[in-house]
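Here is a brief report on selected side chains and their surroundings. Please read it alongside the model.

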Amino acid sequence: MDADGILQSISDNLPEVLLVVSGVMAVLIALTYVKRKESVLYKFLMVVGVVLGAVMIYESLTVGGEWHEFTRIVIAIAGFALVIRPFRNVDFAIILAIIAMAIAYIYLGSLTGDLEGLSHGTVRIVVAIVAGAFVYMVFNYIQKIAMMVGKILNWWPFLFVMGLICVVEGTLMLTGNGSILDLYHKYAGGAEEIVSFLSLLG
């Protein structure tokens, strides 16, 4: 197959190829973390993983009924694991709270009429702080849940296994063999038939 044919094949099977590539990336990240987690290579792989993870999440939301539900779940979990990995220790809640405080403070300064009393002095500062505190409370709760899930998904053995599953799933789809779940049902069904046959003989 020439270069044009290869590119056309990749274009026609882009989601499946993306699944394989992302799986390989997850495996590489897990292996590099174990051996050289302070290296530039590890940091580079994480950045590439964020991009691939975001695209995977998008694919899981847009493929609709074209893919098996199991495949979409695999993509969503692997995509989230790749995206959240570099941000596990970043406190987004406090960042959003500071932004909310700044926006509230600026907005309050523009109030006129009956609400003009909120536009200056200590009242303006207190209201801005309350707004920031509320935003922090809400997003800190969401962040704690996301980070807890993220730590589980980013445990390197889990990431390694998810990467392998993505590679196998994508390869099966590229070769027209369905998904891992289809393969399981196929062989599980065969095993049940053998067991039934042996029980009849018994």
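## Serine 39

Serine 39 is buried, at 11% relative accessible area. Buried means under 20%, exposed over 50%, and partly exposed in between (1.4 Å probe, protein chains only). Serine 39 sits in the loop between α2 (14-36) and α3 (40-62). A polar atom of its side chain lies 2.7 Å from the backbone oxygen of arginine 36.

## Basis of the model

The model is predicted: local features need pLDDT of at least 70, side-chain atom pairs count only at pLDDT 80 or more, and totals for chains, interfaces and linings use all residues. Residues are numbered from 1 along each chain as its sequence is written, and side-chain values use heavy atoms, leaving out hydrogens and water.

## Aromatic rings

The whole structure holds 1 aromatic pair. Tyrosine 33 and tyrosine 42 form it, 5.7 Å centre to centre, with 50 degrees between the planes. That makes the pair tilted, because pairing needs centres within 6.5 Å, and planes under 30 degrees apart count as stacked, over 60 as edge-to-face and the rest as tilted. Tyrosine 33 is partly exposed, at 25%. Tyrosine 42 is buried, at 4%.

Arginine 124 lies over the face of tyrosine 105, 3.7 Å from the ring centre. The criterion is NZ of Lys or CZ of Arg within 6 Å of the ring centre and within 35 degrees of the ring normal.

## Glutamine 143

Glutamine 143 belongs to helix α6 (residues 121-153). Helices are DSSP runs (H or I, at least four residues), numbered from the N terminus. Glutamine 143 is buried, with a relative accessible area of 10%. Leaving aside residues up to four places away in sequence, glutamine 143 touches Val90, Asp91, Phe92 and Ala93. Contact means heavy atoms within 4.5 Å.

Conventions: Helices (H or I, at least four residues) and strands (E, at least two) are DSSP runs, numbered from the N terminus. A polar contact is a pair of N or O atoms within 3.5 Å; within protein, one must be able to donate a hydrogen and the other to accept it, and residues adjacent in sequence count only if both atoms are side-chain atoms. Rings of Phe, Tyr and Trp (its six-membered ring) pair if their centres lie within 6.5 Å; planes under 30 degrees apart count as stacked, over 60 as edge-to-face and the rest as tilted.
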